[in-house]
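Below is a walk through one protein model, taking its pockets, its cavity and its aromatic pairs in turn. Please keep the sequence and the coordinates at hand while reading.

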Amino acid sequence: MSSFELLPGAPASPVLLHVPHSARAIPQDVRRGIVLDDAALERELDHITDAHTAELAERAADLATVTPWRFVNRLSRLVVDPERFPDEREEMTAVGMGAVYTRTTHRSELRPADTDPEPLLARYFRPYAQAMGEAVAGRLAATGRAVVIDVHSYPTEPLPYELHGTGPRPPVCLGTDSFHTPEGLTEAARKAFAGVGETRLDSPFAGTYVPLEFYGTDARVTALMVEIRRDTYMAEPGGPAGPGLDRLATALAAVVDTA
């Protein structure tokens, strides 16, 4: 089974809903490299997983006037985090949470600090990055543009691993990029999520995900990160989704329709 899945949308849609952190699955051979016992690992997955975001993207896709494409990670970010830089550019390496994590959300040991990340990067990270780049290239070829909407969630209270956890934690955080996020896309998202509650830009999480072959060079690729505070739709940590998920799906569909 592939570690990721591209779910086709309408041929005319430029939108790609990207869901990188929704899964909990960890292959057994990868599990053997994690030092946590089973109970501790389940607790860590509760904290680190953006629970129900794949379902949120699916519901939004069903509601959208023109069905967007979806790119979904089917493995936990504890295998590899496809949105981290795999090198010294990644600031989260300072807390052991680069592309291959060695520390947990509470800064305890997840893997030995001297773990060689290369086997996991080769097996999971690079194929994912290549496939995501191809998915964006496909939208460009078909429609002349691509809109990457990154779907995430975050806990109500900051976790110890967060480097910028002291800022506001609104119901909806919109992550932007000075090159790839046009003002119209940001304003459309603000309007769409107004019924959910306050939105803020780049707090507590900033930036967007754009495949590196397009990043900072191809203005036809636009991007927005949508971070949903978990108490708006689920019981924390790791609990079931509630009725808020439907309201969020409607809002996300509205963003898709105006992207």
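Which residues lie nearest the centre of the second largest pocket? They are Thr93, Gly98, Ala99, Val100 and Pro117, out of 14 lining residues. The model is a predicted one, in which local features need pLDDT of at least 70 and side-chain atom pairs count only at pLDDT 80 or more, while totals for chains, interfaces and linings use all residues. Residues are numbered from 1 along each chain as its sequence is written, and side-chain values use heavy atoms, with hydrogens and water left out.

A pocket here is an open set of points on a 1 Å grid over the protein atoms alone, with protein on both sides within 12 Å along at least five of seven lines; lining residues have an atom within 4 Å of a point. Volume is the space filled by probe spheres set on the points, which are joined across faces, edges and corners. The second largest pocket holds about 210 Å³, and its lining comprises eight nonpolar residues, five polar and one charged. In this division Ala, Val, Leu, Ile, Met, Phe, Trp, Tyr, Cys and Pro are nonpolar, Asp, Glu, Lys and Arg charged, and the others, Gly among them, polar.

The largest pocket has a volume of about 1000 Å³. Of its 43 lining residues, Glu83, Arg84, Glu90, Ala206 and Thr208 lie nearest the centre. The lining splits into 21 nonpolar, eight polar and 14 charged residues. Strand β4 gives the most to this lining, with four residues; helices (H or I, at least four residues) and strands (E, at least two) are DSSP runs, numbered from the N terminus.

There is also one cavity of 30 Å³ or more, a cavity being a set of points where a 1.4 Å probe fits but cannot get out. Its lining consists of Ser3, Asn73, Leu75, Val79, Val80, Tyr124 and Tyr128.

Tyr128 also belongs to an aromatic cluster with Phe4 and Phe71. Rings of Phe, Tyr and Trp (its six-membered ring) pair if their centres lie within 6.5 Å, and planes under 30 degrees apart count as stacked, over 60 as edge-to-face and the rest as tilted. The whole structure has four such pairs. Phe4 and Phe71 are stacked, because their ring centres are 5.4 Å apart and their planes meet at 15°. Phe4 lies in strand β1 (residues 4-7) and Phe71 in strand β3 (residues 69-73), so this pair ties together parts 67 residues apart in sequence. Phe4 and Tyr128 are edge-to-face, at 5.6 Å centre to centre and 80° between the planes.
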